[in-house]
Amino acid sequence: MEADGFVRRRRMTAETPGGDAAVAGASAGAEIRWLTGRFLGVSEGIVGTLVPRIGGECELNAVQLYGSQEVSEMSEPDYEGLPRGASTSTYMLAGAVAGIMEHCLMFPIDCVKTRMQSLQPDPAARYRNVMEALWRIMKTEGIWRPIRGLNATAVGAGPAHALYFACYEKLKKSLSDVIHPGANSHLANGAAGCVATLLHDAAMNPAEVVKQRMQMYNSPYRGVLDCVRCVWQREGLGAFYRSYTTQLTMNVPFQALHFITYEYLQELLNPQRHYNPASHMVSGALAGAIAAAATTPLDVCKTLLNTQESLALHPLSQSGGHISGLAHAFRTVYRLGGLPAYFKGVQARVIYQVPSTAISWSVYEFFKYVITKHQLERWRSQRDAEK
C-alpha cells in the first residue's frame, strides 16, 4: 500500500542505571509532545510517552510518521487520548459551544443572583431564597422575565469562551513544559487560567453590563439595543468597562482557584486523562463551588459597578456622580450593609456556579473529543481513498 505517510506503533525500552534513582525518575516522568502531522494537519513528528516500569526501566510507546513506504500493520487509534493533541480551532469551537450552553442554561439563576445582590432592593424584590425568588419573578413579572437579556449574554459568551479555553490549553502546556517537564503543574494551570481570564473578560464585560442592567427589578430598558443606546448616550463608552478591573480582580483568583482545583480533581478521579464525562462533571462542579464562595465579596462589588443601583447612588444623585472603581464600590457596600453585605447572594452564586461549571467542562470536553475524533476519521477516509 503506497501513501504519503503512515502511522506505525512501536515499543522500545530504555535501561537506566540502577544506582541513579533521580535520573531514572526524571526519565520515567518525561513526555514527548510532538504531534503527528496527518492527525491534525501539523508538521511531521512523533507522538509518545515514556511509561515507568519496575527496576528503573522505561517503556516508550511511540507513534512514528514516515514518508512514502510500505505499510505492513496499522494499529487502531486510541480515541481516548486524542484530545491531548487537539488543534487551536478545536479548543475555540468547543469552548464557544460550552460557553453559550453554560450561560443560556443557567441564565434564570443568574438573574436571581443579580437581584439578590442588590444592596437596597425594592420591597417587592426582596427574596428569601433562590426558588422563592424565581417563582415570584415569573408570577409577578411574567414567565419570560428571568431570561430577559439572554441574547446579549449568548453573543458575548461565544467569543469570550473561545478565547478563554484556547488560551488556557496552549499556555497550560507551554508553562508545564517549563515549570515541571513531563508532568502536570498546578502553578502552570493557575497562571494559564489567569492570563485566559484577561481575554475572556475583555470580550464579556460589555455583555455583562447590559445583562445585569436588564435583570434588575423595574429595569427601564425595552431591550438589549435600547439598553446599549441609553448607556452609551448617558454614560459613554467607559460605562461598558467600568467594572473591568473589578471583574479581573474577582475572576483572576476565581479562575486560578477554579483551574487548580479542577486539574487536581482530575488527577484523582481521572489520572489517565481519558474522556470521562462523570469525572469532568464532578470536578467542574466542585471547582466552581469552591471558587464561587471564596470570591463572592468581589462579585457583589462588580454587580454594583455594573448596575449603578439607583438607591445606592442616592447620596450621589445631587451631583450626578457614579460609583467608579473597586475601592469606591467596597466602601459603598460596607456603608449600606456592613460586613454581611459582602456575602449577599452567596447562596445563589454557589447554586449558579456548581451546575454552570459542570456543564461548561462537560460540554467542552465532549466537543473537544468529538471534533478531534472526527478529524482523525476524516484523515483515515482520505488515506483509504488513496489506496
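## A friendly tour of a predicted model

At 30% relative accessibility, Met-138 counts as partly exposed, because that value falls between the 20% limit for buried and the 50% limit for exposed. Keep in mind from the start that this is a predicted model. Met-138 sits in helix α5, which covers residues 130-141. If we set aside its neighbours within four places in sequence, Met-138 touches Ile-143 and Pro-146.

### The chain as a whole

Of its 387 residues, 48% are buried.

Now for some details inside the fold. Ser-243 belongs to the loop that links α8 (224-235) to α9 (244-269). Is Ser-243 buried or exposed? Its relative accessible area is 0%, so Ser-243 is buried. Leaving out neighbours within four places in sequence, Ser-243 has contacts with Asn-205, Lys-302, Leu-305 and Asn-306. With one of these, Asn-306, the side chain of Ser-243 also makes a polar contact.

Gln-255 is part of helix α9. With a relative accessible area of 8%, Gln-255 is buried, because buried means under 20%. Apart from neighbours within four places in sequence, the residues in contact with Gln-255 are Tyr-164, Gly-193 and Thr-197.

| Side chain | Partner side chain | Polar contact |
|---|---|---|
| Ser-243 | Asn-306 | 2.5 Å |

### Two residues with positive phi

Next, a look at the backbone. Most residues other than glycine have a negative phi. Asn-218 has a positive value, near 60°, and is not a glycine. You can find Asn-218 in the loop between α7 (186-215) and α8. Asn-218 is exposed, with 56% relative accessible area.

Arg-273 also has a positive phi, of about 55°, although it is not a glycine. Arg-273 lies in the loop that runs between α9 and α10 (277-294). Is this residue buried, exposed or partly exposed? Arg-273 counts as partly exposed, at 24% relative accessibility.

### A pair of packed helices

Finally, let us see how two helices meet. Two packed helices are described by the angle between their axes and the distance between the axes. Here the pair is α4 (residues 107-116) and α13 (residues 346-385), whose axes come within 8 Å. How do the two helices run relative to each other? Their axes cross at roughly 160°. Angles over 145 degrees count as roughly antiparallel, and α4 and α13 are therefore roughly antiparallel to each other. The crossing of α4 past α13 is left-handed.

Which residues meet where these helices pass? From α4 come Ile-109, Asp-110, Lys-113 and Met-116. On the α13 side they meet Gln-347, Ala-348, Arg-349, Ile-351 and Tyr-352.

How values were computed. Residues are numbered from 1 along each chain as its sequence is written. This is a predicted model: local features need pLDDT of at least 70, side-chain atom pairs count only at pLDDT 80 or more; totals for chains, interfaces and linings use all residues. Side-chain values use heavy atoms; hydrogens and water are left out. Buried means under 20% relative accessible area, exposed over 50%, partly exposed in between (1.4 Å probe, protein chains only). Helices (H or I, at least four residues) and strands (E, at least two) are DSSP runs, numbered from the N terminus. A polar contact is a pair of N or O atoms within 3.5 Å; within protein, one must be able to donate a hydrogen and the other to accept it, and residues adjacent in sequence count only if both atoms are side-chain atoms. Contact means heavy atoms within 4.5 Å. Axes are lines fitted to C-alpha atoms, for helices over the stretch in contact, and angles run from 0 to 180 degrees between N-to-C directions. Angles under 35 degrees count as roughly parallel, over 145 as roughly antiparallel, 65 to 115 as roughly perpendicular and the rest as oblique. A crossing is left-handed if the near helix is turned anticlockwise from the far one by less than a right angle, and right-handed if clockwise.
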